[in-house]
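Visitor: I would like to go through this model step by step. Please show it first, and then take my questions in turn.

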Amino acid sequence: MSAFTRTLATWKRLFSQAGFPSYFAGMFVSLFGTGLNFAGVTLYVLARTGSTVQVSLSVILLTLPRLIVPLFGGVLTDRVDRRYLGITLDLLRALVVFGAAALAFSGRLQLWQLYLMVLLLGAGFAVYWSTSLALLQEIIPPRHLIGANAAVLVAVQGGLLAAGAVVGYIYDRAGLASILAIDGATYVCSALCFYHLRKGRALPSAISAPPPVEAEVAERAILAIETSEPSTAVLADITEGLRYLRAQPTVLALGLTYAVMMAGVISANVIVVALAHDLLHAGARGYGFLQAGWALGAVAGGLAALSLPKEQPRRILIAALVVLAFGHALFPYAGFLVVAVAMNVVFGACRAVGAVLTQSSILQLVPKHLMGRTQSAFSLIATLLQILVSFVLGWLAEHTSLEVAFALLGMLYAGAVLAAGRTRDVPPTRTKPLAAN
């Protein structure tokens, strides 16, 4: 069977699962709006202030809530119906963005109000992302998680690709206000998609866990954790999650690898926008093309991940991270926009492959009732890195040079290589035909 045939069969099986088409559509629409918002705000702040430090501040405010929110958001994700939680978060974010859009249309939007919007959206996204990943674990059988993660990554990056392709045009023609209005509408559409995902309520504690794969049996036997009854105390729930991670070195190493990749992706925008403006002289449309190039590569990488060899995925992961490390160090020397876009396509593909491999392994290993807290812990680590790296990159770009800033970004990905080296390969579950519902 050819790679194309295998990929087509995987997609057909996934979309036969009840709820997955709605989940896929919701993620695509939501991330399209998020991509427009993020790029539009970045362009607006740089144009208004001319400072990469101010751009880094907007990125920091977006990630700052993840220092606190995940600690309690993970507990919330593991206690309530994740579908209703996702719907609520979408609607609340829509209200915030529509309010900012109204201020922008009336010409009264101030920088501090824009920063407040970014901060609130960061708080919502901190819970939404772990909630959506935990929800995916509920609707997809464990043996198909690699394919499901790859498909979701295609939805996410497809949304970002579409956003990158049009954000420069919309920004130049209609300004930030229109971008914010479109973003608010996408949150409403995403909420509707999640509403149609399934019927009724489903609490995480009531969902029966599937039998563990053979590789998990011995590892889980050493856990000195009593998880048969959900704790009634938030602090006890947080402690339980931390004890689980301490007892699972492979899960922790995978989470650190993913956290470093996430930090690199978000913080890179601080200097990529400066690369488009200052070195490539390509303006808003050039920055949009760079964003679209990244997302195009990520879509391609997500599709390729469906056909990756199932044996020794760690080697593939490390190879992708090595390309990211060296490639970003060389990024400011691209010279031409077309070369930079091509490089970003490669970066997006490598990051997509790395994300699918790490996330799929995490979803295979972590019990359902601990997934929210586990994802939130990794989000917290990623946030700490993002805040630190974003500020340092912005300061280096403004006070030294973009070349030095990109060199530091390459070193960050080198750290991900080291973390990936401490993981072990997770044997894939046996694949069986997936019956349509």
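Visitor: What should the 29 residues of helix H6 span at 1.5 Å a residue, and how far apart are its end C-alpha atoms?
Guide: This is a predicted model, and each value here is computed from it. Helix H6 covers residues 111-139, and its 29 residues should span 42 Å at 1.5 Å a residue. That agrees with the distance between its end C-alpha atoms, which is 41 Å.

Visitor: How many of the residues of H6 are buried?
Guide: A residue counts as buried when its relative accessible area is under 20%. H6 is largely enclosed by the rest of the structure, because the buried share of its 29 residues is 24.

Visitor: How many helices and how many strands does the chain have, and what percentage of its residues count as buried?
Guide: The secondary structure comes to 15 helices and 0 strands. Of the 437 residues of the chain, the part that counts as buried is 58%.

Visitor: How many aromatic pairs does the structure hold, and is the pair of Tyr23 and Phe194 stacked or edge-to-face?
Guide: The structure holds 6 aromatic pairs. In one of them, the ring centres of Tyr23 and Phe194 are 5.8 Å apart and the planes are at 15 degrees. Planes under 30 degrees apart count as stacked, so the pair of Tyr23 and Phe194 is stacked.

Visitor: How many residues apart are Tyr23 and Phe194, and are they buried or exposed?
Guide: Tyr23 lies in helix H2 (residues 20-49) and Phe194 in helix H7 (residues 145-195), so the pair links distant parts of the chain. The two are 171 residues apart. With a relative accessible area of 0%, Tyr23 is buried; Phe194, also at 0%, is buried.

Visitor: Is the pair of Phe331 and Phe406 stacked or edge-to-face?
Guide: The ring centres of Phe331 and Phe406 are 5.6 Å apart. Their planes are at 85 degrees, so the pair is edge-to-face.

Visitor: Where in the chain are Phe331 and Phe406, and how many residues apart are they?
Guide: Phe331 is in the loop between helix H12 (313-330) and helix H13 (337-365), while Phe406 is in helix H15 (residues 402-420). Both Phe331 and Phe406 are buried. The pair links distant parts of the chain, 75 residues apart.

Visitor: Which residues do ring pairs link into a cluster, and which charged end sits over the ring of Tyr128?
Guide: Ring pairs link Phe20, Tyr23, Phe24, Tyr128 and Phe194 into a cluster. The charged end over the ring of Tyr128, 4.3 Å from its centre, belongs to Arg93.

Visitor: Where is Thr257, and what is its relative accessible area?
Guide: Thr257 is in helix H10 (residues 249-279). Residues it touches include Leu317, Thr358 and Ala416. Thr257 is buried, with a relative accessible area of 0%.

Conventions
Residues are numbered from 1 along each chain as its sequence is written. This is a predicted model: local features need pLDDT of at least 70, side-chain atom pairs count only at pLDDT 80 or more; totals for chains, interfaces and linings use all residues. Side-chain values use heavy atoms; hydrogens and water are left out. Helices (H or I, at least four residues) and strands (E, at least two) are DSSP runs, numbered from the N terminus. Buried means under 20% relative accessible area, exposed over 50%, partly exposed in between (1.4 Å probe, protein chains only). Contact means heavy atoms within 4.5 Å. Rings of Phe, Tyr and Trp (its six-membered ring) pair if their centres lie within 6.5 Å; planes under 30 degrees apart count as stacked, over 60 as edge-to-face and the rest as tilted. A charge sits over a ring if NZ of Lys or CZ of Arg is within 6 Å of the ring centre and within 35 degrees of the ring normal. The expected span of a helix is 1.5 Å times one less than its number of residues. Lists of a residue's contacts leave out its neighbours within four places in sequence.
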